[in-house]
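I opened a new notebook page for this structure.

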Amino acid sequence: HADTMAQARSFSEVAGILDAGKVAAILTVENAACLDDGLEVVEEFSQDGVLIAGITWNGVNVLGSGNQSYQGLTELGRTYVAELERRGIVVDVSHLNDTGFWEVEELATRPYIATHSNARAVCEVARNLSDDMFRALAARGGIVGLNFNQGFVHPFDDNPVLRLTFGNGPEFELVQLLLGCYRSDIDRIDEQILDDREIPDE
């Protein structure tokens, strides 16, 4: 689909691809369980143009623990964070548990992001971020992408997207401040997602 899409091998290439009327594809890694083979895999990430890489999914891997477990980063996981930064790959903290998140915050020397995490102030599940996490991430210059999975928005809401993004009250201030993108987790969603033309400007 080279006529409609192009890979952005750096963030600086995104604007030019969009200006050309194409979709800018950014390669990311969600669960770095492939690091079973060692940190040499990060070199492959770099060669392939991966720009964002996560650490875990919900469970445990060689790098650390996701939100359904309780340990933090392993020694290899701590080294992995440093190696991603060295190669200019942005660290993604989505799916980490609290201990792992705060260890990334301690280790980070560059902005990191959460590609698809919501606010616990809105929906209190371990998969979402606390207000303190939002503040720490913002202080680093990072952004948060919203997750449309209804269980991370509000499990009994008929219109979870609008509730999270355009709700009223102080709990939405951090979300609106940090909102950088929508990453839908569309493979986990049963209901139809609103076309962006249906989302109000304010």
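Which pattern does the chain follow, read along the sequence? I read β-α-β-β-α-β-α-β-α-α-β-α-α-β. I count seven helices and seven strands in the chain. Helices (H or I, at least four residues) and strands (E, at least two) are DSSP runs, numbered from the N terminus.

A note on the source before going further. This is a predicted model, in which local features need pLDDT of at least 70, side-chain atom pairs count only at pLDDT 80 or more, and totals for chains, interfaces and linings use all residues. Residues are numbered from 1 along each chain as its sequence is written, and side-chain values use heavy atoms, with hydrogens and water left out.

**Entry: burial**

I looked up how much of the chain is buried. Buried residues make up 45% of the 202 residues. Buried means under 20% relative accessible area, exposed means over 50%, and partly exposed lies in between (1.4 Å probe, protein chains only). The areas come from the Shrake-Rupley method with a 1.4 Å probe, and for residues only the protein chains shown count as cover.

**Entry: salt bridges**

How many salt bridges does the structure hold? I find eight. My cut-off for a salt bridge is a side-chain nitrogen of Lys or Arg within 4 Å of a carboxyl oxygen of Asp or Glu. As a general point, side chains of opposite charge can pair when their charged atoms come close.

I started with Arg87 and Glu43. Their side chains meet in a salt bridge, 2.5 Å from N to O. Arg87 sits in the loop between helix H3 (75-86) and strand S5 (90-91) and Glu43 in helix H2, so the pair ties together parts that are 44 residues apart in sequence. Arg87 is partly exposed, at 27% relative accessible area. Glu43 is also partly exposed, at 29%.

Next came Arg86 and Glu83. They form a salt bridge of 2.9 Å, N to O. Both lie in helix H3, three residues apart, about one turn of the helix. Glu83 counts as buried, at 16%.

I then joined the two pairs on the page. Glu43, Glu83, Arg86 and Arg87 are linked in a network of salt bridges.

Arg78 pairs with Glu106, and the closest N and O atoms are 4.0 Å apart. This pair links distant parts of the chain, with Arg78 in helix H3 and Glu106 in helix H4, 28 residues apart. Arg78 is partly exposed, at 24% relative accessible area. Glu106 is exposed, at 57% relative accessibility.

**Entry: a charged patch**

Which residues gather in a patch of negative charge on the surface? I noted Asp36, Asp37, Glu40, Glu44 and Asp48. Patches are made of residues with over 30% relative accessible area and no salt bridge; like charges are joined within 9 Å, and nonpolar side chains (Val, Leu, Ile, Met, Phe, Trp, Tyr) within 5 Å. Asp36 counts as exposed, at 54% relative accessibility.

**Entry: helix H5**

I listed the buried residues of helix H5 (residues 131-139): Met133, Phe134, Ala136 and Leu137. Down the axis of H5 they fall within an arc of 165 degrees, so they line one face of the helix. The arc is that of the directions from the helix axis to the C-beta atoms. Gly141 follows H5, and its phi is positive, near 90 degrees.

**Entry: loop residues**

Where does Ala108 lie? I found it in the loop between helix H4 (98-107) and H5. Ala108 is buried, at 6% relative accessible area. Its C-alpha atom is 8.7 Å from that of Val91, 17 residues away along the chain.

Val122 also lies in the loop between H4 and H5. Val122 is buried, at 12%.

My last stop was His95, in the loop between S5 and H4. Its phi is near 85 degrees, a positive value in a residue other than glycine. His95 counts as buried, at 5% relative accessibility.

Terms used. Lys and Arg count as positive and Asp and Glu as negative; His and the chain ends are not counted. The place of a charge is taken as NZ of Lys, CZ of Arg, CG of Asp or CD of Glu.
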